[in-house]
Amino acid sequence: MSGLRLFNTLAKEKEPFTPLSINHVGIYACGPTVYDRIHVGNARPLVLFDILVKLLRYHYKDVTYVRNITDVDDKINKRAMELGMSINSLCETTINDFHDDCVALNVSSPDVEPRATEHISEMIEIIETLLAREHAYETSGHVLFSVLTMPEYGKLSGRSMHEMIAGARVDIAPYKKDPADFVLWKPSTPEQPGWDSPFGRGRPGWHIECSAMAKKYLGEEFDIHAGGLDLIFPHHENEIAQSCCAHNTQYMARYWIHNGYVTVNGEKMSKSAGNFTTVSDALTKHRGEAIRYALMAAHYRAPLDYSDVQVSESKLALDRLYRVAGDASPSLPPSEFIEILDDDLNTPKALAFLHQKVKDFNKGEKQVAGEIKACTELLGLLKYSSKEWFQSEAYKNELSSLEIEQQIEERRIARINKDFLKADDIRQKLASSGIELFDNSDGTSWRRK
RNA sequence: GGCCCGGUGGCAGAGUGGUUAUGCAGCGGUUUGCAAAACCGUGGACAUCGGUUCAAUUCCGGUCCGGGCCUCCA
C-alpha cells in the first residue's frame with residue numbers, strides 16, 4: 001500500500017493509485033523514435049518517469065518499467081536517405097547517443113527496452129485479431145482501424161467523433177471509410193523497410209508497436225502508461241482503441257500519466273519549430289545533474305521554460321545540497337518527503353523541503369544530512385561525492401588539480417608570512433580561471449565554478 | 001472553427017478560504033587578514049472586473065493576455 005495519488009488523464013483528476021496486483025506494478029513509457037538526438041523537451045519525461053519509477057520501487061517490491069525504442073518510422077527512412085546511411089546504422093548510432101544522454105542525466109535503464117522491429121510478428125497478430133473481430137479492414141494494401149466500431153473512442157483525449165470530423169484540417173485519404181480511421185499496416189515499396197505479412201509486404205503504422213510491446217511485457221491490462229502531453233491524441237487514444245478492441249478489455253492501462261511541455265520563451269520546444277536544444281548541446285554548457293534538477297524544478301504537468309539561466313540557478317541550488325549532504329551516508333527519507341512526492345509527484349515542493357532541511361543542518365541538526373542524501377537518491381540527484389562535484393574538470397583548457405594545489409601551497413606560505421598582497425593575487429588569478437578558494441580552520445579548499 | 005490549460009514578488013516556481021513556500025538576485029548586520037560559506041534581520045506577489053463568504057491570491061462567472069491539441073511530435 002502507498003499513499004500515492006496520480007493525476008489520471010482518463011479521469012482528468014488526481015486518483016489514489018492502486019495497482020492491479022498487490023506487489024507488482026507495470027509501467028510503460030513511450031520512448032524515442034531514433035532518427036536524431038533527443039532534445040531537452042524529450043528529456044523531461046525520461047527524468048520525470050525515472051523519478052516516478054524510483055518512487056514506485058520505494059513503495060512496491062516488484063516494478064516492471066518498459067520503455068520502448070521506435071526504430072521503424074518514416075522519419076527514420078527519410079533521415080537515413082538524407083545522410084546516405086543505412087537505416088540500421090542510423091538507428092544504432094542514435095540509440096547509442098540516446099543511452100549516453102540518459103547516463104549524463106542519471107536516468108536509469110528501464111527493465112525492458114523493446115524495439116519495434118523485433119516485435120513485428122506480435123503486431124501482425126494483433127492486426128489479425130482486429131480484422132477477425134471486424135474492428136479493422138483492408139483497403140488499397142492498407143489495414144485500417146475502424147474507429148466507428150469503438151463507441152468509447154475519444155475518451156482519453158476528451159473529444160467526440162463529431163468534433164474531430166468538424167475540426168479536421170488534414171486531407172483525408174480517399175480509401176478511409178471514416179476520416180478518423182488510422183493505419184495499422186501500410187504497404188512498403190521495395191526500397192522501404194518491410195516485412196511479409198498476411199496483408200502483403202509492408203510496415204506497421206505508428207501506434208500498433210506500443211500495443212504489441214505493452215501486451216508482451218506487461219499484459220493486456222496493466223497499471224500505468226506514461227508519455228508527453230502531445231501523445232494523448234492521436235497516439236495514446238489509438239493505442240487504447242487497438243488494445244482494448246483486440247483484447248476485449250475495458251482498459252489498456254488503468255492510469256495514464258502525461259507530462260507538460262518544455263518551452264522556450266513560452267513556446268513549445270519542438271523539432272519542427274526549430275527552437276530546440278539537444279541534450280548533448282546543453283551538456284557542453286551545463287552539468288547533466290544541473291539539467292536534471294532544472295527538469296524537476298517545475299511540476300511535471302506544468303510547462304517548464306528552458307533557459308541557461310534556469311539551469312545555472314539549478315546548479316547553484318545543487319551546490320547548496322552538495323555542501324551539506326554530498327558525502328553523507330543515506331539514512332531514510334522522512335515520511336513528509338514521501339508524502340510530498342506521493343501527491344502527484346510534487347518535485348518542486350520536494351526540492352523546497354530539502355532546502356529547508358539544509359537550513360536545519362546549518363543551524364546544527366547535523367543528522368539531517370543523511371536524510372537529505374536519502375531523499376536525493378529517490379530524485380536521482382547527488383550522484384557524486386562533494387569532491388567530484390566541485391572539482392571535476394568539466395571543461396577543457398582548465399587548470400589541472402595539481403596546478404591549482406601548487407598555487408594554494410604558494411598562497412599558504414605567503415599567508416604565513418603575512419604577504420597578503422601575494423595571497424590575494426593568487427586568489428585573483430585562480431578566480432579568473434574559474435577557481436574559487438575557501439579558507440577554513442583546517443586549510444584551504446577549492447572548487448571549480 | 002472545435003476542445004483544453006495557464007496568468008503568483010526582480011527572475012524561476014510551490015501552495016493555501018484567514019498563518020514564513022523554496023532557490024537565485026537585493027538591502028542591513030554578525031563572522032572573515034581578504035574572499036566564500038553560514039547565521040540574524042529586511043523589502044517585495046497573487047492579470048483584471050464582478051459574485052459567493054465574517055473573510056478570497058485561493059471558490060464561481062465575465063474580460064484581457066499567453067500557451068497547447070485537433071497533422072509528425074516527449
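Predicted model: local features only at pLDDT ≥ 70, side-chain atom pairs only at ≥ 80, totals over all residues.
I begin with the outline. Chain A contains 16 helices and 15 strands. Taken along the principal axes, its C-alpha atoms fill a box of roughly 90 × 55 × 35 Å. Of the 449 residues in the chain, 39% are buried. If we consider contacts between residues at least 6 apart in sequence, 74% of them join residues at least 24 apart.

Let us turn to a sheet. Strands of a sheet pair through backbone hydrogen bonds, and the pairing is either parallel or antiparallel. Here, an open sheet of four strands runs in the order β4-β3-β9-β10, and its pairing is parallel. Which strands stand at the edges? They are β4, residues 62–67, and β10, residues 253–259; each has a single partner strand, so one side of each has no neighbour in the sheet. From one strand to the next, the twist averages 20°.

Within this sheet, β3 (residues 24–29) and β9 (residues 222–228) run parallel and are joined by three bridges. As an example, tyrosine 28 has histidine 225 in β9 as its bridge partner. A helix also packs on the sheet: α6, residues 208–218, touches β3, β4 and β9. The direction of α6 makes about 160° with that of β4.

Strand β1, residues 5–8, is joined by four bridges to β2, residues 13–16, and the two run antiparallel. Arginine 5, for instance, has proline 16 in β2 as its bridge partner. Together β1 and β2 form a hairpin with four residues between them. In the turn, lysine 12 has a positive phi of about 60°.

In a regular strand the side chains alternate between the two faces of the sheet.

I now come to the packing of helices, with two examples. In the first, α4 (residues 120–132) packs with α7 (residues 232–247) at an angle of about 70°, and their axes are 9 Å apart. That angle makes α4 roughly perpendicular to α7. The crossing of these two helices is left-handed. On the α4 side the contact is made by Ile126, Thr129 and Leu130, and on the α7 side by Gln242, Cys245 and Ala246. Sorted by class, the contact of α4 with α7 has four nonpolar residues, two polar and no charged ones.

The second example is α9 with α10. Their axes come within 8 Å and cross at roughly 105°, and α9 and α10 are therefore roughly perpendicular to each other. From α9, the residues Glu289, Ala290, Ile291, Tyr293 and Ala294 meet Gln310, Val311, Ser314, Lys315, Ala317 and Leu318 of α10. The contact of α9 with α10 divides into seven nonpolar, two polar and two charged residues.

The buried residues of α9 include Arg292 and Leu295. These buried residues pack against α1 (40–59), α8 (279–285), β13 (304–305) and α10 (308–325).

Finally, some details of the backbone. Most residues other than glycine have a negative phi, and most peptide bonds are trans. A cis peptide bond, with omega of about 5°, joins phenylalanine 233 and proline 234. Proline 234 is found in helix α7, the helix that packs with α4.

Glutamate 134 is not a glycine, yet it has a positive phi of about 60°. It lies in the loop between α4 and β5. Is glutamate 134 buried or exposed? It is exposed, with 10 other C-beta atoms within 10 Å. Serine 140 also has a positive phi, near 50°, and lies in the loop between β5 and β6. With 11 C-beta neighbours inside 10 Å, serine 140 counts as exposed.

Thank you for your attention.

Notes
Residues numbered from 1 in each chain as written. Chains lettered and ligands numbered in written order. Buried ≥ 20, exposed ≤ 12 C-beta atoms within 10 Å, placed from the backbone. Contact = placed C-beta atoms within 7 Å. Pairing = 2+ DSSP bridges. Axes fitted to C-alpha atoms, helices over the stretch in contact; angles between N-to-C directions. Parallel < 35°, antiparallel > 145°, perpendicular 65-115°, else oblique. Left-handed = near helix turned anticlockwise from the far one by under 90°. Nonpolar A, V, L, I, M, F, W, Y, C, P; charged D, E, K, R; others polar.
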